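Hello,

Here is the structure I promised to pass on. Have a look at it first, and then read on for what turned up.

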Amino acid sequence: MSRYAPRIHTDPAAIAALEALLPQLHGQTQVELTLEDGSRLLGTVAVQPTLQQYRDAEENEGSNGQLRLDDLDTPVQQHVVWLDQITAIRQLPYRE
C-alpha cells in the first residue's frame, strides 16, 4: 500500500536539507520547532524520524518524513509534523 504526502522532494539539495534535520531530532530530545508558517511547537521527540518514500497527489514518488512530537505542556497531545515544514530546531534544556 502506498503512502501519500502533501509534498515530496526529488531534488538532491532538498533531500540533503531534510537529512540535515535528522541528527537534531533524536528520540526523547526536547525541542522548539519553528514551522514554515511561523508557528512554534514545544515538545519531546517521540521517535527519531527517518526519510521515507511517498507519493504525491499526482502519483510522483519522492522523499519526505514525519516527526511525532509529544506536546511539552500537554504530553497526551501529540503533533505529527512533516519534516519539510520545519525551518528551525532549537534544543531545550531537559525538564520533567
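Predicted model: local features only at pLDDT ≥ 70, side-chain atom pairs only at ≥ 80, totals over all residues.

Let me start with helix H1, which spans residues 12–21. Ile15, Leu18 and Leu21 are its buried residues to look at. They sit on the same side of H1, because the arc they cover around the axis is only 110°. On the face of H1 turned away from the buried side you will find Pro12 and Ala13, both exposed.

Next, the aromatic rings. The count comes to one aromatic pair. Tyr54 and Trp82 form an edge-to-face pair, since their ring centres are 5.1 Å apart and their planes stand at 80°. The pair links distant parts of the chain, with Tyr54 in strand E3 (residues 52–55) and Trp82 in strand E6 (residues 78–82), 28 residues apart. Tyr54 is buried at a relative accessible area of 3%, and Trp82 is buried too, at 13%.

Finally, the loop between H1 and strand E1 (30–35) holds Gln24, which is partly exposed at 30% relative accessibility. Leaving aside residues up to four places away in sequence, Gln24 touches Thr29, Val31, Ile89 and Gln91.

Best wishes

Definitions and conventions:
Residues numbered from 1 in each chain as written. Heavy atoms only, no water. Phe/Tyr/Trp six-rings, centres within 6.5 Å; stacked < 30°, edge-to-face > 60°. Helix = DSSP H or I, 4+ residues; strand = E, 2+ residues; numbered from the N terminus. Buried < 20%, exposed > 50% of the residue type's maximum accessible area, 1.4 Å probe, protein only. Arc of directions from axis to C-beta. Contact = heavy atoms within 4.5 Å.
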